[in-house]
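Here are a few notes to read with the model open beside you.

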Amino acid sequence: MLVLLMLYPIVMLFGYFLGTPLLDRELHLPFAISLFLGNIVSVGLTGFLVPWIAGRFGWWLRPAPGREIRINLLGGAFISAVYAAMVFVFLRLF
């Protein structure tokens, strides 16, 4: 879930600001090559961002003994709310 939390905005922003205007329209690269380049960028960035975000979600990834169920539900609900917010924001912006 944390990987998706970092991956979705990377892919969305790359596609909007670089993929479509530069790789597709300006350079006229085939979709397969454009997608491959986007994957290289997204994998590279998630390699840095996922450990960073995992550190901020230590409360969820390593819950206190006896509180695992409650913390798992809270973490899942929080991440789901952030997903929904990102989709909403990207729908409005782009």
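1. By class, the residues lining the largest pocket are five nonpolar, seven polar and one charged. Here Ala, Val, Leu, Ile, Met, Phe, Trp, Tyr, Cys and Pro count as nonpolar, Asp, Glu, Lys and Arg as charged, and the others, Gly among them, as polar. Please keep in mind that this is a predicted model, in which local features need pLDDT of at least 70 and side-chain atom pairs count only at pLDDT 80 or more, while totals for chains, interfaces and linings use all residues. Residues are numbered from 1 along each chain as its sequence is written, and side-chain values use heavy atoms, with hydrogens and water left out.

2. How much space lies in the largest pocket? About 190 Å³. Of its 13 lining residues, Phe14, Gly15, Ser34, Leu35 and Gly38 are the closest to the centre. Two elements, helix H1 (2-26) and H2, each give two or more residues to this lining, and H1 supplies the largest share, seven residues. A pocket, on a 1 Å grid over the protein atoms alone, is an open set of points where a 1.4 Å probe fits, with protein on both sides within 12 Å along at least five of seven lines; lining residues have an atom within 4 Å of a point. The volume is the space filled by probe spheres set on the points, which are joined across faces, edges and corners.

3. Ser34 deserves a look of its own. Ser34 sits in helix H2, which covers residues 31-56; helices are DSSP runs of H or I with at least four residues, numbered from the N terminus. Is Ser34 buried or exposed? Ser34 is buried, because its relative accessible area is 7% (buried means under 20%, exposed over 50% and partly exposed in between, with a 1.4 Å probe and protein chains only). Beyond its neighbours within four places in sequence, Ser34 contacts Gly19, Leu23 and Asp24, where contact means heavy atoms within 4.5 Å.

4. Further along helix H2 comes Ser42. Ser42 has a relative accessible area of 4% and is therefore buried. Not counting residues up to four places away in sequence, Ser42 touches Leu7, Ile10 and Val11.

5. Leu45 lies in helix H2 and is partly exposed at 38% relative accessible area; its C-alpha is 7.8 Å from that of Ile10, 35 residues apart in sequence. Leu49, also placed in helix H2, is partly exposed at 29%. Leaving aside neighbours within four places in sequence, Leu49 is in contact with Met6 and Ile10.

6. How do H1 and H4 pack? H1 and helix H4 (residues 68-93) meet at an angle of about 5 degrees, with axes 10 Å apart. The two helices are therefore roughly parallel. Axes are lines fitted to C-alpha atoms over the stretch in contact, and angles run from 0 to 180 degrees between N-to-C directions; under 35 degrees counts as roughly parallel. H1 contributes Leu2, Leu4, Leu5, Tyr8, Pro9, Met12 and Leu13 to the contact, and H4 contributes Ile79, Val82, Tyr83, Met86, Val87 and Phe90. By class these are 13 nonpolar, no polar and no charged residues.

7. Finally, please glance at His28, in the loop between H1 and H2. His28 has a positive phi, near 55 degrees. Most residues other than glycine have a negative phi. His28 counts as exposed, because its relative accessibility is 60%.

Definitions and conventions
Parallel < 35°, antiparallel > 145°, perpendicular 65-115°, else oblique.
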